[in-house]
Amino acid sequence: MLKDLNLVGGMTNTDWLNQFHDEMRTHKITQGQLAKTADYSRSHLNQLLTGKNPINKQARLRLTLALRSLTGQNNIDVCIDYLGVTFKSHDYEELVTELFQINLNHFNLKEGARYGYAATFKCGEIDVLLSPYQDVNANGYDPSEDSGTMIELKGQGCRYVESYLRQQNRTWYDFLETCIALDGHFTRVDLAINDRNGLLDVPTLIEKCDRDEFTSRFHGFRDNRTKQWKVSGRTLYLGSPQSEVYFCIYDKAFEQHQKHPEIAIEDQPIRTRFEVRLRRKRAAAAIKNLLAEHDPEKVVFGIINRYLRFLTPSHKAKSQWATDPRWDAFIGNYRDKLRLSNNPEPLSYAHITRWLKKQVAPSLKMLQLIDQYNGTTELKAIIDGGKLTQRHWDLIHHYQHHRNGVLTDSEPSETSKKSDYADQSK
């Protein structure tokens with residue numbers, strides 16, 4: 001039902017309305033509930049549902065979202081989308097082994113790193129940033145210049161780690177507990193809420209901000225529009241990027257369409273993303289609460305509700321305005337409890353195969369047929385001459401040698417895997 005009701009093509013209004021009425025009866029949804037959630041008057045809603053007023057694309061989507069809200073079918077989940085942890089230890093091999101349980105031979109040491117670190121120990125999207133080893137007992141040792149070791153996991157890095165955690169029968173909670181056991185200090189964590197059915201509409205939220213139909217502890221907001229061809233994506237920022245709490249709400253489907261234009265915006269799995277970005281003390285507090293509660297919904301929406309609420313204007317004083325119905329559904333009414341998502345997407349295997357099928361497969365088929373006609377092996381020569389980067393080898397190792405969450409040593413890499421970085425840095 002959910003996907004069909006969101007499609008404007010392929011169904012007549014009569015068929016769509018018949019299916020919509022069936023869903024209302026199945027879930028015992030009244031017109032009064034639907035009118036309030038969709039922000040329609042009872043009379044206008046009745047005219048739409050009885051076919052007296054034509055129902056257009058916008059009305060279908062609006063009613064679909066309202067029905068999803070009332071039936072608990074919003075399809076929302078929470079995931080960790082960035083994690084930064086620092087450690088005083090320089091023993092990066094021990095840290096990697098304890099945290100990731102991945103064979104060290106599949107990490108590569110590269111000179112240069114971000115944030116003033118000297119080198120990066122890398123496997124796929126996992127970045128371990130290293131500072132030069134300093135002997136604490138040596139004369140001239142300056143603790144302020146010793147950054148120790150940092151683990152940085154961006155969005156794809158988090159998905160990459162999740163693939164290992166799942167194979168190892170571990171969870172994010174296990175991983176975070178291990179960070180604490182190794183005296184890790186959390187510098188930043190982003191908790192991302194994925195809205196897969198478009199319950200939140202970013203342009204609408206921006207308009208409500210412009211009309212002052214919200215309350216917030218932040219001092220201001222900022223919106224951004226990104227354009228590509230005839231489509232555009234919107235982003236709403238609340239708070240300061242330098243503060244310890246910062247919100248970002250954006251059109252995730254448009255962002256992914258920019259990266260993978262072969263997939264239409266309407267076919268992207270996530271419509272809208274709400275990111276709660278936490279730094280320093282707030283990041284550490286959020287991790288502590290996650291481990292204590294094992295309830296990501298309580299943690300993330302506890303933060304959101306403290307800082308932000310969208311309202312429905314009325315003739316009353318603003319302090320008495322009711323919460324916007326769609327926002328009310330988003331923050332917890334009419335849906336199931338959220339779990340901390342573990343939805344691994346190691347590297348970009350799916351994206352690579354989609355790109356091959358869409359862009360490359362026809363040309364490969366053409367070369368194959370030409371080889372057959374001419375009795376040549378040009379296609380094989382092209383493939384054999386391809387040069388794999390370390391990123392390609394990472395993906396090969398991940399799929400070929402991933403046994404019970406631990407990579408084996410059966411396939412050596414084309415490049416040297418590591419060196420004694422501590423000795424080099426002395």
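A: Two strands pair if DSSP finds at least two bridges between them, and helices (H or I, at least four residues) and strands (E, at least two) are themselves DSSP runs, numbered from the N terminus. The model is predicted, so local features need pLDDT of at least 70 and side-chain atom pairs count only at pLDDT 80 or more, while totals for chains, interfaces and linings use all residues. Residues are numbered from 1 along each chain as its sequence is written, and side-chain values use heavy atoms, with hydrogens and water left out.

Q: How many helices and strands does the protein chain have?

A: The protein chain comes to 17 helices and 15 strands. Of its 426 residues, 46% are buried, where buried means under 20% relative accessible area, exposed means over 50%, and partly exposed lies in between (1.4 Å probe, protein chains only). Contacts (heavy atoms within 4.5 Å) also tell us something about the fold, for among the contacts in the chain with a separation of 6 or more, 68% are between residues 24 or more positions apart.

Q: Which strands are joined to S1 by bridges?

A: Strand S1 (residues 76-87) is joined to strand S6 (residues 185-195) by 10 bridges, and these two strands run antiparallel. Within that pairing, His 185 in S6 is the bridge partner of Thr 86. Five bridges join S1 to strand S5 (residues 149-153), again in the antiparallel sense, and there Leu 153 of S5 is the bridge partner of Leu 83.

Q: How many of the residues of S1 are buried?

A: Here 12 of the 12 residues of S1 are buried, so the strand is largely enclosed by the rest of the structure.

Q: What does the loop residue Lys 318 touch?

A: Lys 318 lies in the loop between S12 and S13. If its neighbours within four places in sequence are left aside, Lys 318 is in contact with Asp 212, Phe 214, Thr 215 and Leu 311. Although Lys 318 and Phe 214 are 104 residues apart in sequence, their C-alpha atoms are 9.1 Å apart in space.

Q: How do the axes of helices H6 and H8 cross?

A: The axes of helix H6 (residues 92-100) and H8 come within 9 Å and cross at roughly 150°. That makes H6 roughly antiparallel to H8, given that angles under 35 degrees count as roughly parallel, over 145 as roughly antiparallel, 65 to 115 as roughly perpendicular and the rest as oblique. The contact is made by Glu 98, Leu 99 and Phe 100 of H6 together with Phe 175, Thr 178 and Cys 179 of H8.

Q: Which residues of helix H3 are buried, and what do they pack against?

A: An α-helix has 3.6 residues a turn, so residues three or four places apart point the same way. In helix H3 (residues 31-38), the buried residues are Leu 34, Ala 35, Thr 37 and Ala 38. The buried residues of H3 pack against helix H2 (13-27), helix H4 (42-49), helix H5 (57-71) and helix H13 (325-330). Just after H3, Asp 39 takes a positive phi of about 60°.

Q: Is Arg 234 buried or exposed?

A: Arg 234, which is placed in strand S9 (residues 231-238), counts as buried because its relative accessibility is 15%.

Key. Axes are lines fitted to C-alpha atoms, for helices over the stretch in contact, and angles run from 0 to 180 degrees between N-to-C directions.
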